[in-house]
Amino acid sequence: MKVSSKDHQTRDYQALRLKEIGLQLKTIREEKDISLGKVKEYTMISECYLKAIEEGNINSLPEPIYIQSFIRKYGNVIGIEAIAEQFPLNNITPKSSWVRSSELRPFHLYLIYIVIISASVGALSNLYSPASNYSVSDSETQLSDAARLKPKPIPKTSKVNPLSKSQVKLQNKLPVKAQDKPVNVGIMMKGESWMRVEVDGEVKFEGILSEGTNKIWTANKNIVLRAGNSAAILLAFNEYPPQPLGQAGEVVEKTFDPAYKPQALIKVIKTNE
């Protein structure tokens with residue numbers, strides 16, 4: 001099959017971006033002291049593919065859609081999920097998007113004609129038919145107070161719940177003082193992230209959690225939680241409202257015990273450790 005010059009141009013650009021992304025992934029992985037074997041374990045991606053990504057060897061990798069997926073999973077492990085979007089899948093956008101007049105076909109002209117006619121009819125309809133002729137008063141409809149054009153004022157005694165729907169959902173799922181234990185941690189995944197959880201010194205979970213996953217752990221002494229993509233985790237502690245564990249791209253380790261307060265600073269694992 002003959003490959004066009006445009007396809008060659010796209011492939012060359014993808015190869016160039018892959019080299020840049022691969023170098024960035026490798027640098028951050030080594031700074032965080034994460035072995036390639038660990039990345040393979042958490043992503044289930046062959047080590048030869050992981051090496052090809054780091055070396056920017058696009059000829060040793062499958063189709064671009066799979067390459068982007070591999071990059072996303074790799075990025076999740078080291079805390080930079082968004083890096084996958086830097087790898088292009090589509091053809092390079094031409095410098096000019098204008099269509100030359102010679103490329104117009106009769107079918108295109110027909111569509112343009114229909115659009116112009118429709119717009120003209122709509123404008124004339126609005127001009128000779130004032131909107132007031134079609135207005136409907138509240139008395140002519142069966143609407144609740146909240147849906148009327150002039151809703152009743154909210155009483156001063158009403159309180160607005162400051163929590164988002166996802167926060168309320170997580171708070172409802174979290175059992176306060178469950179089983180008479182003083183430490184209770186619940187999480188709701190807003191994205192994908194690697195996580196390690198220790199409960200009273202024992203590892204209860206280590207792996208990758210996907211978006212939409214809910215988990216709850218309880219302890220007598222403490223719960224130590226370490227995560228690669230902390231911004232993807234909405235966390236609630238005991239009766240306190242849920243809040244994000246950290247910011248995008250941060251690897252966070254946090255210890256929860258009976259004396260913990262939500263205002264406490266998050267310990268961020270620096271990339272040079």
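Both faces of strand 6 are covered: Ile233, Leu235 and Phe237 sit on one side, Leu234 and Ala236 on the other, and all are buried. Buried here means under 20% relative accessible area, with exposed set at over 50% and partly exposed in between, using a 1.4 Å probe and protein chains only. In total, 5 of the 5 residues of strand 6 are buried, so the strand is largely enclosed by the rest of the structure. Strands and helices are DSSP runs numbered from the N terminus, with E for strands (at least two residues) and H or I for helices (at least four).

A word on provenance: this is a predicted model, where local features need pLDDT of at least 70 and side-chain atom pairs count only at pLDDT 80 or more, while totals for chains, interfaces and linings use all residues. Residues are numbered from 1 along each chain as its sequence is written, and side-chain values use heavy atoms, with hydrogens and water left out.

Two strands count as paired if DSSP finds at least two bridges between them. In general, strands of a sheet pair through backbone hydrogen bonds, either parallel or antiparallel.

On one flank, strand 1 (residues 183-189) and strand 6 (residues 233-237) run antiparallel and are joined by 5 bridges. Gly186 stands opposite Ala236 of strand 6, and Met188 has Leu234 of strand 6 as its bridge partner. Strand 6 is also joined to strand 7 by 2 bridges, again antiparallel, and there Leu234 has Pro244 as its bridge partner. Strands 6 and 7 make a hairpin with 5 residues between them, and Asn238 in the turn has a positive phi of about 50°.

**Aromatic pairs**

The structure holds 6 aromatic pairs. Rings of Phe, Tyr and Trp (its six-membered ring) pair if their centres lie within 6.5 Å; planes under 30 degrees apart count as stacked, over 60 as edge-to-face and the rest as tilted. Two of the pairs look like this:

| Pair | Centre to centre | Angle between planes | Type |
|---|---|---|---|
| Tyr49 and Phe70 | 5.5 Å | 25° | stacked |
| Phe237 and Tyr260 | 5.1 Å | 90° | edge-to-face |

Tyr49 is in helix 3 (residues 47-55) and Phe70 in helix 4 (residues 64-78), so this pair ties together parts 21 residues apart in sequence. Tyr49 is partly exposed at 29% relative accessible area, whereas Phe70 counts as buried at 14% relative accessibility.

The pair of Phe237 and Tyr260 leads back to strand 6. Phe237 lies in strand 6 and Tyr260 in the loop between strand 8 (252-256) and strand 9 (267-268), so the pair ties together parts 23 residues apart in sequence. Phe237 is buried at 4% relative accessibility, and Tyr260 is buried with a relative accessible area of 8%. Phe237, Tyr240, Phe256 and Tyr260 form one aromatic cluster.

**Asn222 and its contacts**

Phe256 turns up again in the surroundings of Asn222, which has contacts with Val183, Glu198, Val199, Asp200, Gly201, Thr255, Phe256 and Asp257 once neighbours within four places in sequence are left aside. Contact means heavy atoms within 4.5 Å. Asn222 is in the loop between strand 4 and strand 5 (223-227) and counts as partly exposed at 26% relative accessibility. Asn222 and Thr255 are 33 residues apart along the chain, with their C-alpha atoms separated by 6.7 Å.

**Helix packing**

Helix 4 also packs against helix 2 (residues 36-43), at an angle of about 115° and with the axes 10 Å apart. Axes are lines fitted to C-alpha atoms, for helices over the stretch in contact, and angles run from 0 to 180 degrees between N-to-C directions. The two helices are therefore roughly perpendicular to each other; that label covers 65 to 115 degrees, while under 35 is roughly parallel, over 145 roughly antiparallel and the rest oblique. Leu36, Val39, Tyr42 and Thr43 of helix 2 make the contact with Lys73, Tyr74 and Val77 of helix 4.

**Overall numbers**

The protein has 6 helices and 9 strands. Buried residues make up 33% of its 273 residues. Of the contacts with a separation of 6 or more, 59% come from residues 24 or more positions apart.
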